[in-house]
Amino acid sequence: MPALALIFNAFVWGVSWFPFRQLEAHGLHPVWATSLIYAAIFVAISLVRRQALRGFVAHRGLVLLAVAAGLTNVGFNWAVTQGDVVRVVLLFYLMPLWSVLLAWVFLGERPSAAALARMVLALAGVAVVLKSPGIDWPVPASLADWLGVAAGFCFAVTNILLRRLRAAPGESRALAMFGGCAGVATLTALAGSAFGAIAPPALATPGWLGWALLLGTGFVVANVCLQYGARRLVASTTSVIMLSEVLFASTSSVALGAAVLGMRIWVGGALIVAAAAWSAFAGTPDGDDDRRIPILKDMP
């Protein structure tokens, strides 16, 4: 049951791109959708767990956690609706690279030879994924690529902050992350709409509310499953199971015509996933099993 719970969590995140695209088709840009969904969740948890707000007084770092988590979700949710889903998910899963560098700079944890080898493996994978025939250098070539890379980096920052804020109540950390997602998404949506980069909500066709409720419910249930599964399995097992998100994203996006799996994606993806799996089994800081939004995780 714990493994199945984690697989369900990975499934929800792996196929979340489809409801977001449906919402966009109904006139709600994914950034506006992120703002709406997470604001509703934030308000609901604030009403149910009012004491969670007290943690912000004693732990000022929760504000940074909120910003990092918000940037992670905005970047990921926007990217998977704009570009090749598999490509975005693979670029997002560059955590071994970012986590090693961030742990070295902010936590003083010098990387071991194995950690450096995982960095090289991940970099080789991303170079293969990004180096297409029409591009001279293996660098992000689109908004979706840049958003995927940035979201993965912010995810690594989120995990570093979660480690530094372990003394904060779990419910306060969860509330900070939900509030950050709502706040960053709202500010991004307002700024983007003002400058013409993000379409303002139109909602000209019915049915958008159903997709929003489905997506919001999925995120809540998925993260409750995360809490259940992560507490009953060792961190390395949890992290490897999480990589099934790549499988779900690949299968669903190819089946629905949102991605194309060529040999370059297969090879580069295998290198990136191998680096992430190696990191998980190594039990090092870059194998941290905290997820994007661990709702209720570590909560009583």
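1. A quick term before we start: a salt bridge here is a side-chain nitrogen of Lys or Arg within 4 Å of a carboxyl oxygen of Asp or Glu. Keep in mind that this is a predicted model. By that definition, the structure holds two salt bridges.

2. Start with Asp145 and Arg87, which form one of these bridges, their closest N and O atoms being 2.8 Å apart. The pair ties together distant parts of the chain: Asp145 belongs to helix α9 (residues 143–164) and Arg87 to helix α6 (residues 85–92), 58 residues apart. Is this pair buried or exposed? Both Asp145 and Arg87 are buried.

3. Next come Glu171 and Arg49, whose side chains meet in a salt bridge with an N to O distance of 2.8 Å. Glu171 has 10% relative accessibility, so it counts as buried. Arg49 has 21% and therefore counts as partly exposed; the cut-off for buried is under 20%.

4. Now for α3 and α10 as a packed pair. Their axes are 8 Å apart, at an angle of about 150 degrees, and α3 passes α10 in a left-handed crossing. Which residues make the contact? On the α3 side they include Trp32, Tyr38, Ile41, Phe42 and Ile45, and on the α10 side Leu175, Phe178, Cys181, Ala185 and Leu190 are among them. By class, the contact of α3 with α10 has 14 nonpolar, seven polar and no charged residues.

5. The other packing to look at brings in helix α1 (residues 2–15) and helix α13 (residues 244–255). Their axes come within 8 Å and cross at roughly 40 degrees, which means α1 is oblique to α13. The crossing of α1 past α13 is right-handed. From α1, the contact uses Ile7, Ala10, Phe11, Trp13, Gly14 and Val15; from α13, it uses Ser244, Glu245, Phe248, Ala249 and Ser252.

6. What classes of residue does the contact of α1 with α13 hold? There are seven nonpolar, three polar and one charged.

Notes:
Residues are numbered from 1 along each chain as its sequence is written. This is a predicted model: local features need pLDDT of at least 70, side-chain atom pairs count only at pLDDT 80 or more; totals for chains, interfaces and linings use all residues. Side-chain values use heavy atoms; hydrogens and water are left out. Axes are lines fitted to C-alpha atoms, for helices over the stretch in contact, and angles run from 0 to 180 degrees between N-to-C directions. Helices (H or I, at least four residues) and strands (E, at least two) are DSSP runs, numbered from the N terminus. Angles under 35 degrees count as roughly parallel, over 145 as roughly antiparallel, 65 to 115 as roughly perpendicular and the rest as oblique. A crossing is left-handed if the near helix is turned anticlockwise from the far one by less than a right angle, and right-handed if clockwise. Contact means heavy atoms within 4.5 Å. Ala, Val, Leu, Ile, Met, Phe, Trp, Tyr, Cys and Pro count as nonpolar, Asp, Glu, Lys and Arg as charged, and the others, Gly among them, as polar. Buried means under 20% relative accessible area, exposed over 50%, partly exposed in between (1.4 Å probe, protein chains only).
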